[in-house]
Amino acid sequence: MAVKKIGELLVESGLISGEQLEEALKESWAGTGLRLGAIIVKRGFASEVDIAQTLSFQLNIPFVDISSATVDPEAIKLVSEKLAKKYILVPLYQDRKVLRVAMTDPLNLSAIDDVRFSTGLDVQPCVASLSDVTGAISRYYHLNEPIEDLIGDLKKDKLVEVIHEPDASRDISDQVKKSSAPPIIKMVDSIIIHGSGNRASDIHIEPHEKGVRLRIRVDGLMRETMQLPKWVQGPVTSRIKLMASMDIAERRVSQDGRIKVRLGDRSLDMRVSTLPTQYGETVVMRLLDPKAEVHDLGSVGFLKDDLNRVKDLIERPQGVVLVTGPTGSGKTSTLYAMIGHIKKEQINIITIEDPIEYELKDVNQVAVNEKTGLTFSYTLRSVLRQDPDVILIGEMRDAETAIIAHQASLTGHLVFSTLHTNDAISSVIRLRNMGIPSYMIASALNGIVAQRLVRTICLNCKEEYTPGSAEIKRSGLKWSGRKLYRGAGCASCNGSGYSGRVGVFEVLPVNAAIRALIASDAPEQEIMSAAMKAGMTPLHLDGLRKVAAGITTLEELTRVIYLSRPEEEPGGVCTSCMKPVPPGTEACPHCGNLTKKTCDSCGKNREPDWIACPYCGARFGR
């Protein structure tokens, strides 16, 4: 009856003629063992996709292209291979009490009843082509060989052991037993090993229409690893969700989780985030090594003058020290280096973090948990009752946390924290906008460190070169034929010319003049002028010094920091000694080099030893 109905539908739709149907039926009745659809395709009357799409239209049942669809390995386990081959069907995924199944013959009620009886779920059929369904059956019920081929280029020489933390509220042992097939486990392990071995900070699994892209972030830049077929999307996502104790059945909302793994003798913490997108869930895993060695303050990239200023700020007994910059600019590493510099047995240091990125010896570290109400502000109040000398707050996210932190500094505590602002001066404005009174900011603030991370030149392929006119113009300086450095690209740096990263800094110590300006609600430009007079080195200038020293390149610096400075911006840079010049200065106070080469009155060229213009009589300032 089902065969008759399918043939009639194909004739009614005009896909085949009545005579062609008669021929196909005769061959089918002759006992060839082929189904009607296969006979129609074999005789060239129609293609498999045409038949499937025609049935989809006629029956108002969705058509699915299995090659680009997500197939959940948990759904595969619900239907036996014997049943799938008998009726030529493959389960796609389970949505609550409904199992979505791809079938070549959606009118086969016996197949639907058998699947419903064996799974205990309602069945929602989809139409798929015969070759797609048979290919999916052989692939998903026998995953070993295709997975081995795919991960051939990835390292598999280590064992990834998942460390499950005990949780009384949830027993995940049953889910772990039902985890994905061993080949999928091997694929996910290989992805993690590959990311860890290449110093990746993040691993991205991004679904697209016809495939899945695997990318890693190394030294702040994304790098594509490989393109995976679409059919691995469901199994890989489900495996990662199981590892992170997330809900594998929920695909419609974003989820967050955490995985602790052990790779040989090395432990890793991974923060996992999933987000539903147009073509499925994208997965991002951030890799954190809690046992990684914390940088020494002198090795993070501070130049000598700035290093001395920073030490002066953090060695004070009280006050607020802020480290500011965008996400991924190394703020936490700098804060840890500061804590490492001042840490000693005589003081009590407590940190409040979300999450704890590195383990600090002899430091009490608290992890924030928003779900349980352990917020930054609530935890900070509790910490103040723990007799701390130094408090590190991972981030000033709200006004309440910021006000409590400033009040704590005024009562004798040294407080470290971070903000997300573009430079040091704008942090003051941000604190005002958060609702902190200006007098409190002025009284509590010791100083602000703004920073970025730039890639350093690979030492194995470092070479000298003369910058072109476009590069010189971009830097805003006259390099006077100075030789610069870049990486030629080699095997150790994967041809990028860079290896590792270093900080670019802007250190603003709050002196009496700046304190008075902050307290009087002075505008940003006035605070900037006072900071430049106090000798603050702007971000772009610190970067240019590192370019001149052969640490990084102009190209990398301009990728991270906007170098062009408007004419109305106060202060500048001496083109000779590359030190900051106060606003309005006509000659560099450090080396005597003229910062202005022409007369302001008549525009004529001037010489360094002139005290007045011989053309118009205007006197020059010194």
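The model is predicted, so local features need pLDDT of at least 70 and side-chain atom pairs count only at pLDDT 80 or more, while totals for chains, interfaces and linings use all residues. Residues are numbered from 1 along each chain as its sequence is written, and side-chain values use heavy atoms, with hydrogens and water left out.

Reader: How many aromatic pairs does the structure hold?
Author: Rings of Phe, Tyr and Trp (its six-membered ring) pair if their centres lie within 6.5 Å; planes under 30 degrees apart are stacked, over 60 edge-to-face, and the rest tilted. By that rule, the count of aromatic pairs is three.

Reader: Why does the pair of Phe302 and Phe505 tie together parts that are apart in sequence, and how far apart are they?
Author: These two rings are stacked, at 3.9 Å centre to centre with 25° between the planes. Helices (H or I, at least four residues) and strands (E, at least two) are DSSP runs, numbered from the N terminus. Phe302 sits in the loop between strand 10 (280-288) and helix 13 (304-314), and Phe505 is in strand 19 (residues 498-509), so the parts being tied are apart by 203 residues.

Reader: Is Phe505 buried or exposed?
Author: Buried means under 20% relative accessible area, exposed over 50%, and partly exposed in between (1.4 Å probe, protein chains only). Phe505 has a relative accessible area of 1%, so Phe505 is buried.

Reader: What kind of pair do Tyr336 and Tyr358 make?
Author: Their ring centres are 5.5 Å apart. The planes meet at 75°, so the pair is edge-to-face.

Reader: Which residue lies over the face of Tyr498?
Author: A charge sits over a ring if NZ of Lys or CZ of Arg is within 6 Å of the ring centre and within 35 degrees of the ring normal. At 4.0 Å from the ring centre of Tyr498, the residue is Arg455.

Reader: How many disulfides does a search of the whole structure find?
Author: A disulfide here is a pair of cysteine sulfur atoms within 2.5 Å. The sulfur of Cys461 has its closest cysteine sulfur in Cys490, at 3.7 Å, which is too far for a bond. Cys493 also has its closest cysteine sulfur in Cys490, at 3.7 Å, again too far. The disulfide count is zero.

Reader: What does helix 14 reach from its first C-alpha to its last?
Author: The expected span is 1.5 Å times one less than the number of residues. Helix 14 has twelve residues, and 16 Å is expected. Close to that, helix 14 reaches 17 Å.
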